[in-house]
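Here are my notes on the model you sent over. Have it open while you read.

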Amino acid sequence: MGNSTPASDALVSFRGVQKSYDGESLIVKHLDLDIRRGEFLTMLGPSGSGKTTCLMMLAGFETPTHGEIRLDGQLLNNVPPHKRNIGMVFQNYALFPHMTVAENLAYPLTLRKMNKSEIAERVKKALGMVKLDALAHRYPGQMSGGQQQRVALARALVFEPQLVLMDEPLGALDKQLREHMQLEIKHIHENLGITVVYVTHDQGEALTMSDRVAVFKDGVIQQIDAANVLYEAPVNSFVANFIGENNTLHGEVVDVAGQHCAVRLASGEVVKASAICVGRNGEPTSMSIRPERVRLNRLAEACENRLKAKLAEFIYFGDHVRLRLDVAGQSGFMVKVPVGELDSSWKTGDMLDVGWMARDIRALDSAIVSH
Amino acid sequence: MSETMTMNAPLTAADGESLKVKLARERRNKQLKAIALVAPLALFLLLTFLVPIAMLLKRSVDNPEVITYLPQTSAAIAGWDRRGLPSETVFAAMARDLTVAKEQKTVPEISKRLNMDISGFRSLIQRSARKMPLELAPGESVRDHFIAIDERWGDPDHWHVIAKNAKSWTPYYLYSAMDLRETKAGTPELAPEEERAFLSIFGRTLWMSMWITLFSVLLGYPVAYWLANLPARKSNLLMILVLLPFWTSVLVRVASWIVLLQQEGLINSALMGLGIIGEPLQLAFNRTGVYIAMVHILLPFVILPAYSVMKSIPPTYMRAAISLGDHPFAAFWKIYFPQTVAGVAAGALLVFIMCMGYYITPALLGGPQEQMVSYYVAFYTNVTINWGMAAALGSLLLVATMTLYAVYSKLVGANKLSLG
C-alpha cells in the first residue's frame, strides 16, 4: 500500500496544512493527507507531535494557519464546527452529566429536528449496538468508565455522520478493558462502514485497529502505511523505534550496492543490510532489526550475517524468554526465544552465535533516538 | 473440628475474646479520638454561637418585669375573671408590691415595661408608688383609694395589661416585630395601618437583598467564566484583584464609596466636567448608593464558588455539544450553564443571606428608606435599650433566613449546592 490515493476515493484531504499557535514555531509543519472513504486511519505519535492538532483542525476547533482541508470535496476552512456533521469521541467521554444516557443520545437527533418516535428508535438501536440497552435511564455518573465510553461512542454514531473522530478514546481505561474496547470499536467500524480517524499515542492500539497508521513526529507524517508494513518496513529509525520492539546497531556505510549495503560496526565486523535510508560511503547509519528476526547458535548457521554475542541477562515472560545480549560491543540487544527453543545449558556470560538475514536488517538514518 | 466450632459459636480472636467485642472496642477508641479532636472547636462554638442564639431566642419572649417586681399582684390577679375591676385583694397586693418596689427602687423597671402596652402607664405607676405605703382611713377600701390617687386605676384596660404581663413569657415583642398586636382575647390581629412599620421593613430587606443578589450574579457570572477559561498564570493574577477588596475593611470601602458617589464626589465631578450631565446625580444616601456598594462588597462571594465550579468543567463538554451539531450559544445554555447552576446558586444564597443581615453599608450609604432589619436591631439595642424588641427582630430574621434556605434547598437541592 502506498500513498497514491486517487482523489475521488478520498473523503478527507489535507493540502499543505500548517498550524502555529505562537507565530514562531509550527506545531504542524506540512500536512498532505488523504483519508479514504470507509477507512480506519490512526494518527500515531508522541505527545506534541501534532496529531491532536490535526484532528482538532478537522473537527473545526482549531483553524489551519495555512493550507486547506476538504471533506467530501467541500472546503472546510470556513465551515463552523457545528455545521461539519462529524462525530467525535473524547478521552474524558464528555457525556453531559445532567442528562441520562438516552437524553445524551437524543441530543444530536433533537437538533436535527427528528420526530420523537424516530429519535426513540435510533437511540434504542445505538444503545443496542454498544450493548447497553438496559442502561438508557442511568446518568453518566452512575456508570463505569467503559460503559461511559461506549455511550460516548454511540452518541458520536447515532446521527450517522460519515466521519467519526476519536481523540485517545481509550486512554482513561485499564489495559484489559482497553483491549476489549479496541476490538469492539473495530467491529463497529467494519459493520457500519463509516470513516474513522483515531488519535492515539499507544502503538499497540494503532496496530490492532487501523487500516492505515500515520506516524507523526515534530508536525510531520514520518510514514503512513498499513500496520504490517509499518512494522516490517519502517522507512526511518524513528518509525522503527516507535513501532514495536527494535534492536539498533550503529555503524558506518562502507559500500552501497543496489538494494543492499555493507555496514562496518564499531568493533570492525561488516554487516550486510537492506539499504533503505542511507547516505554515501563513510556516513553513519543505524540498522534496525526486530528481536524475533534474530536467530541463535544452530539456527544462525544459515544466515548471511553472523556475529558473536555475550549473554547478559534472561528475562522471563511466561510464553517466551528474552535474552539481553552484548553484540559487537553494543549492549541492550534483545532476542525473543520461545520457551520450547531455550537451551537449558545457557548461562549469563556465555558466548552465543547470533545471525540474521540481510533482508531483515534495515539500514536507516543515523538519528539517535532516545527512549 | 475447629471449623465446625467457628460455624456455630461466635468468632473469637486468638486470645479467646469475641471478635465482635474487640471490633466494637476498636471502633469506640477511634470515635473517642475523633471527639477529642473536635471537642475544643465544638465547645467554642457552643459558647460563642449556640448559647448566644438560644439566649437571643429566649430574650424575644422573655417577660420578667411584672412577675418579678409585682409578685403578689401577679399571684392575686391570676384569679381575676377579667370582667369589671379586679377584687380588693388584687388592689391590696398591688399596694404591698409598690411599697416594696419603692423601697428597692425598681419602680422604673415596672413602669417602663407596662408603658409599652399603654402609654401613660409610666406616670400612673410612678405617681402611685410615690403615695406608698397607703394610709387608709378606717373602713376605706384599697380600690377606692387607688382610684382616688389616679382615676385610671378604675379603667379595666390597665388591669388587663398587668394580668397579661403577669407571666414569665410574652408574645408581645414577636407580635410587635410583625406589626401584630394582642387582642383582649389573647389572639393576634394586625395593628392599624398607621402603627405598622416592621412588615414593610422586612419586605424592604428581602426586596433589596433580592436585587443585590441578582446584580451580583449578573455581574459575577461572566467574570467567573472569563477567569475559569484564562490560562492559569493570568487567571491567578486576576483572581488576586477579585480578592483584593477582602483585604480592606468594609468600613473603609463604604467610606471610599461615599467619597466617590456623593454630590461633589469624583463621579459627579467627572461627569459634570465632561459635560455629560448638567447637575449632580443623586448617587449616595439613597438606594442606588446602597446597591452599588453592596454589590461591590458581595461580588466575590458569587465569583468564587462559580469560578471553582466552572474550573472543574472540562472544555470537551462544549466541544462535544458543538460537534453533535449545536450552535455554540445554544450549547452554552444547554450544556455548560446547567453544570454551573450548583456553584452560582451557592454563591447567590451566600450573598442573599449576607444581605439580609447587612448593617453597615445601608446605615452609612443609605437614607431612612434604605434601612434594613439589622438597623432596627441595632437601634433597639443601642438607643432605646429594648432588648426584647431587638431579640424579636433578630429571631425573625433568623427564621426568615432559615425558611429561605429550606425553600432554596428544596428548589435547587442542598446536596447539589457547591461552595467550591
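1. In which sense do strands β11 and β12 of chain A pair, and over how many bridges? Antiparallel, over 6 bridges, with β11(A) covering residues 247–257 and β12(A) residues 260–265. Strands here are DSSP runs (E, at least two residues) and helices are H or I runs of at least four, both numbered from the N terminus; strands pair if DSSP finds at least two bridges between them.

2. Before going on: this is a predicted model, where local features need pLDDT of at least 70 and side-chain atom pairs count only at pLDDT 80 or more, while totals for chains, interfaces and linings use all residues. Residues are numbered from 1 along each chain as its sequence is written, with chains lettered from A and ligands numbered from 1 in the order written.

3. Between the strands sit 2 residues, and G258(A) takes a positive phi near 65°.

4. β12(A) also pairs with β13(A) (residues 270–275), antiparallel over 5 bridges. Here C261(A) stands opposite A273(A). This hairpin has 4 residues between its strands, and G268(A) in the turn has a positive phi of about 110°.

5. Now the chain contact. Chain A gives 19 residues and chain B 15, counting residues whose C-beta atoms, placed from the backbone, lie within 7 Å. On the chain A side, β6 (86–89) and α2 (101–111) are the elements giving two or more residues.

6. Last, chain B is divided into domain 1 (2–54), domain 2 (66–167) and domain 3 (198–416), with bounds from an automatic or database assignment. The centres of domains 1 and 2 of chain B, over C-alpha atoms, are 61 Å apart.

Technical notes. Two residues are in contact if their C-beta atoms, placed from the backbone, lie within 7 Å.
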